[in-house]
Amino acid sequence: MGMTIAEKIIAAAAGVESVKPGDIHTVELDRLMSNDGPTHLTIDMYNNLKNPRIVDVSKLVWIVDHNVPCDSVKTAASHKKMRDFAKAHGIKFYEGAGVCHQVMMENHVTSGELIFGADSHTCAYGAVGAFGTGVGCTDYLYAMVTGKSWLLVPETLKFNLTGKLNDGVYARDLILSIIGMIGANGANYMAMEFGGDGLKTLNMSDRIAICNLCVEAGAKTALMEVDEITLDYLKAHGRAPKHVFQSDADAQFAKVYDIDLSAIKPIVAKPHFVDSVVDAKECVGTHIDEAFLGSCNNGRIEDLRVGAELIKGKKVHPLVRFLVVPASAEVYRQALAEGIIDTFMEAGAIVMNANCSVCWGSCQGVIGEGEVLISTGTRNFKGRPGHKPSFVYLASAAPVTASAIKGEIATADMIS
Amino acid sequence: MDKFTGKIWVLGDDIDTDIIIPTEYLALKTVQDMAPYAFSPLRPELAGQIKEGDIIVAGKNFGCGSSREQAPEIIKALGIKCVIAKSFARIFFRNSINNGLLLIENDKLQGDVKEGDEITVAINEFIECHGKQYPVTSLPQNLVDILNAGGLVKAMQRRNNLKV
């Protein structure tokens with residue numbers, strides 16, 4: 001019987017001919033990413049082991065991105081623990097380079113790899129056809145010590161994309177629409193695979209945005225078919241694929257969805273669930289206090305360009321804080337070179353260094369009681385960006401920037 | 001812990017990890033320090049009311065959201081014996097087993113019970129409430145071993161004959 005991309009990657013990592021959904025396999029992991037969210041806990045557990053050891057240090061990448069620069073004495077202690085450990089053990093270490101998933105995409109991930117990340121949005125790596133999945137620190141520790149872990153082979157949902165997104169509609173609108181359609185647990189324990197002619201119209205930034213958000217439908221991983229766009233991206237970043245897998249013609253999918261990209265509209269996800277999606281027009285006029293353009297989901301140069309084009313020559317509404325946070329230092333420097341940073345600052349935006357910022361609601365841009373944020377971040381859970389009774393609307397860079405200008409939720413076509 | 005009885009707390013669908021433990025409390029030193037803030041965005045008084053041996057009964061997609069392992073650790077630290085939900089998010093599921101927190105999937109129970117009811121759980125056999133039995137899906141033996149050892153690290157130490 002034929003296999004899906006997810007099944008082929010697991011079979012290769014398990015060293016077996018074939019696998020099927022429901023099987024449990026011990027797999028060899030290619031890469032292990034961890035950030036400053038859980039790593040201090042992993043180190044504590046590691047130090048309590050009777051025979052602590054790292055089986056292959058070249059697999060480990062540690063990235064400080066959640067609280068950068070450090071915002072408190074407690075965080076400083078946690079960062080120091082991580083920094084010192086990484087240095088002592090020769091672990092590849094980034095600090096200030098950007099949000100972990102963007103840094104991983106720019107520097108490490110390649111097609112066909114199996115990657116554990118101690119962060120839920122690790123599924124982003126499917127943009128280049130890698131099986132990335134989020135784990136907690138105990139699973140991470142086990143993988144760090146043994147190089148292996150166990151995986152239940154997931155069923156796969158297939159999304160056949162056709163057509164092309166209309167102008168003013170973005171990959172983020174597509175994935176929010178899909179999450180709205182299948183629900184916040186619609187892909188629970190499953191892989192989400194994307195292919196079809198429509199995929200060819202989506203660039204790497206679009207693909208990362210789509211795969212990154214699949215965990216918000218509960219997915220274990222997301223995977224895109226590898227094509228010329230993938231191979232060009234890898235080549236430009238000095239990497240070759242490990243495996244190029246496509247699903248077999250007779251592969252079994254739990255369900256197949258046909259998605260016409262031209263039918264997708266600008267979307268807003270209302271508080272407090274990512275699957276509470278509506279046509280962006282339905283939210284027009286909603287009061288906001290803060291707007292956030294950034295995150296591993298939507299803080300790449302393509303997103304900043306969308307925002308800059310809208311806001312050029314205009315001003316941020318006087319009652320709104322507009323945070324612009326490039327997803328990586330590389331993105332930041334590109335934006336500087338293109339004059340985009342100047343455009344945002346001229347408009348009155350607050351431009352921050354590359355980090356997770358208010359998307360995870362700890363170190364920057366935290367909002368107060370009853371306040372409203374419109375965000376390109378990953379989640380709109382209750383209280384996530386700060387005060388418990390506060391509200392987050394999720395949208396793409398276009399409505400977020402338009403809203404920052406208007407002082408209330410607006411769509412790009414309302415900015416003249 | 002093959003069979004036990006406890007008082008239940010009933011929660012709804014999509015109880016996410018930011019509800020279980022909001023980001024602002026993750027900087028606290030230990031899970032015991034964090035535990036009083038568990039579920040605070042939803043029910044600030046709940047953590048103080050939960051007693052050792054209580055059980056949570058919830059709807060679908062319990063534990064969705066981030067990979068923060070403090071989420072199951074805190075539920076365990078509150079004394080919760082097990083969580084029964086219509087479904088669990090996958091990262092939370094792994095994290096719970098790895099920390100020795102028992103999870104049971106059942107899609108009928110939540111609709112039949114009210115907060116404060118007592119239920120009996122026989123692991124891998126059934127749940128009983130108001131004299132009615134609900135079948136449960138069996139966990140594979142290796143996961144039961146991890147649960148019984150109190151988590152993955154302890155299970156590995158036990159397997160390798162290391163003193164825990």
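## A helix in chain A

Let's start with helix α2 of chain A, residues 39-48: its buried residues are A:Thr39, A:Leu41, A:Thr42, A:Ile43, A:Met45 and A:Tyr46. Here "buried" means that 20 or more other C-beta atoms, placed from the backbone, lie within 10 Å of the residue's own. Helices are DSSP runs of H or I with at least four residues, strands are E runs of at least two, and both are numbered from the N terminus.

## About the model

This is a predicted model, where local features need pLDDT of at least 70, side-chain atom pairs count only at pLDDT 80 or more, and totals for chains, interfaces and linings use all residues. Residues are numbered from 1 along each chain as its sequence is written, while chains are lettered from A and ligands numbered from 1 in the order in which they are written.

## Where the chains meet

The contact between the chains takes 34 residues from chain A and 31 from chain B; two residues count as in contact if their C-beta atoms, placed from the backbone, lie within 7 Å. On chain B's side, α1 (17-20), α5 (90-98) and α8 (152-159) each supply at least two residues.

## Two domains in chain A

Chain A has domain 1 (5-262) and domain 2 (271-414), with bounds from an automatic or database domain assignment. Their C-alpha centres lie 24 Å apart. Domain 1 puts 31 residues into their contact and domain 2 puts in 29.

Technical notes: Buried ≥ 20, exposed ≤ 12 C-beta atoms within 10 Å, placed from the backbone.
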